[in-house]
Amino acid sequence: TDGRWYVYALSDPGDGAVRYVGISTDVVRRHKEHLRTSSLSCGNHRERWLFSLKRDGFTPAFEVLEVTADWRESERKWI
């Protein structure tokens, strides 16, 4: 990694509400992982939400909120 961390949000496509804030050094890979996870009907709250969106023909909006070297502080701020 080059020291850059991306703080990102997954939002509901219906109302735009942010449902999940996460961090990654590779947002393209992480976004794909979230979409793959959405094939699971069990798991944690995020996975169940992603599954229900996919079941209904939707995908979450994915937005980079911040690029930072100090991901801990940035993630805390956005959550």
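**Figure 1. The largest nonpolar core.** Five residues, Tyr8, Leu10, Trp49, Leu50 and Leu53, make up the largest nonpolar core. A nonpolar core is a set of buried Ala, Val, Leu, Ile, Met, Phe, Trp, Tyr and Cys residues joined through side-chain atoms within 4.5 Å. Buried means under 20% relative accessible area, exposed over 50%, and partly exposed in between (1.4 Å probe, protein chains only). Strand β1 and helix α2 are the elements that give two or more residues to this core. The largest share, 3 residues, comes from α2. In soluble globular proteins, nonpolar side chains tend to be buried together. This is a predicted model, in which local features need pLDDT of at least 70, side-chain atom pairs count only at pLDDT 80 or more, and totals for chains, interfaces and linings use all residues. Residues are numbered from 1 along each chain as its sequence is written, and side-chain values use heavy atoms, with hydrogens and water left out.

Figure 2. Helices (H or I, at least four residues) and strands (E, at least two) are DSSP runs, numbered from the N terminus. The buried residues of α2 are Arg46, Glu47, Trp49, Leu50 and Leu53. They lie on the same side of α2 because they cover an arc of only 160 degrees around the axis; the arc is that of the directions from the helix axis to the C-beta atoms. His45 and Arg55, on the other side of α2, are exposed.

**Figure 3. The open sheet.** Three strands form an open sheet in the order β2-β1-β3, with antiparallel pairing; two strands pair if DSSP finds at least two bridges between them. β2 (18-24) and β3 (61-68) stand at the edges with a single partner strand each, so one side of each has no neighbour in the sheet. Between β1 (residues 5-11) and β2 there are 6 bridges. Serine 11 is opposite valine 18 in β2.

**Figure 4. Surroundings of arginine 30.** Arginine 30 is in helix α1 (residues 27-37) and is buried, with a relative accessible area of 16%. The side chains of arginine 30 and tyrosine 8 are joined by a polar contact of 3.3 Å. A polar contact is a pair of N or O atoms within 3.5 Å; within protein, one must be able to donate a hydrogen and the other to accept it, and residues adjacent in sequence count only if both atoms are side-chain atoms. Not counting residues up to four places away in sequence, arginine 30 touches Tyr8, Tyr20, Ser24 and Arg46, where contact means heavy atoms within 4.5 Å.
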